[in-house]
Amino acid sequence: MKFRRLFLLFALLVPAVVLARPVKVACVGNSITFGYTIPEREKYSYPSQLQLLLGPDYEVANFGVPRMTALFSGDYPYVNTEAYRESLEFNPDIVLLKLGTNDSKAVNWDKKENFAPDYQKIIDSYAALPSHPRIILIYPLRSYLEETGAISDSVMVNEMRPMVEALARENKTGLIDFYGLFGPEWDARYVPDKIHPSAVGAAMMARRIADYLLSVAPDGSQPEMPLCCRPASQTLLEPAKSCRHDAGLR
């Protein structure tokens, strides 16, 4: 009888333990996700700062790799990396997909007809995971570099952006707009080298994502007042700024 009671108690406790596990968030992307150029990136990359904002109920993992493309035929395809394989093995509950910046280079964009199909395959690979994760696409950040055949802001805005928007619509994924996050004019405080965010810029990215994740339900509904307009939760380095809830956060 005593054994039976212990067994029943154990059976009741196990589901609670299972349900209490952290929500796993996979941050997939290139050098911007990786935290390239950020001193102590392990603490100040956007995924690390996102972990701080979301708290212990979430487990945020950084699977960013510098120079990577969504294009399978790009100069450095993300799908060929160990980080990609590890992100799948992580079996996340949420996937933040931020690729495209390096695809805009002339050497890669001459194969632009493959961009959407290849990105679709990446989306499909996460959608097929046992965890059936919530997938969120992220528009690339604005590039303040001159148009020299390297990373192209005009390509990202005029050609790539509509493709990413269409992918989000067709797959019913989330969509976060980072393009205007740092404003129309270059500010070295946020993007020192005109393409990679500083620790302060990464904090702004983390706040934007945290507000989205915590204010948008899986069915896409939002509360009347977005979190960015409520008292700020803890962040590391983000400067004070006025509240804006972009139409792109949908």
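Select Asp187 and Arg189 to begin: their side chains meet in a salt bridge, 2.6 Å from N to O. The term here means a side-chain nitrogen of Lys or Arg within 4 Å of a carboxyl oxygen of Asp or Glu. Asp187 is partly exposed at 21% relative accessible area, while Arg189 is exposed at 55%. For those words, buried is under 20% relative accessible area, exposed is over 50% and partly exposed is in between, with a 1.4 Å probe and protein chains only.

Two notes before you click on. You're looking at a predicted model, where local features need pLDDT of at least 70, side-chain atom pairs count only at pLDDT 80 or more, and totals for chains, interfaces and linings use all residues. Residues are numbered from 1 along each chain as its sequence is written, and side-chain values use heavy atoms, with hydrogens and water left out.

How many salt bridges does the structure hold? There are seven. Next, pick Glu159 and Lys112, whose closest N and O atoms are 2.8 Å apart in another of these bridges. Glu159 is in helix α8 (residues 153-171) and Lys112 in the loop between α6 (106-109) and α7, so this pair ties together parts 47 residues apart in sequence. Helices (H or I, at least four residues) and strands (E, at least two) are DSSP runs, numbered from the N terminus. Both partners are partly exposed: Glu159 has a relative accessible area of 28%, and Lys112 has 34%. Then try Asp110 and Lys111, bridged at 3.1 Å, N to O; Asp110 counts as exposed at 53% relative accessibility.

Now for the rings. Phe, Tyr and Trp rings (six-membered ring for Trp) pair if their centres lie within 6.5 Å; planes under 30 degrees apart are stacked, over 60 edge-to-face, and the rest tilted. That rule gives six aromatic pairs. Select Tyr84 and Tyr126: the ring centres are 6.0 Å apart and the planes sit at 85°, so call this one edge-to-face.

Charges over rings are the next stop: NZ of Lys or CZ of Arg within 6 Å of the ring centre and within 35 degrees of the ring normal. The charged end of Lys24 sits over Phe90, 4.8 Å from the ring centre. Arg67 does likewise over the face of Tyr76, at 4.2 Å.

Finish in the largest nonpolar core, which has 35 residues. A core is a set of buried Ala, Val, Leu, Ile, Met, Phe, Trp, Tyr and Cys residues joined through side-chain atoms within 4.5 Å. Members touching the most others include Tyr78, Phe115, Tyr119 and Leu137. Its largest share, six residues, comes from α8. Centre on Leu137 and show its contacts (heavy atoms within 4.5 Å): among them are Leu97, Ile123, Val164 and Ile176.

Key:
Lists of a residue's contacts leave out its neighbours within four places in sequence.
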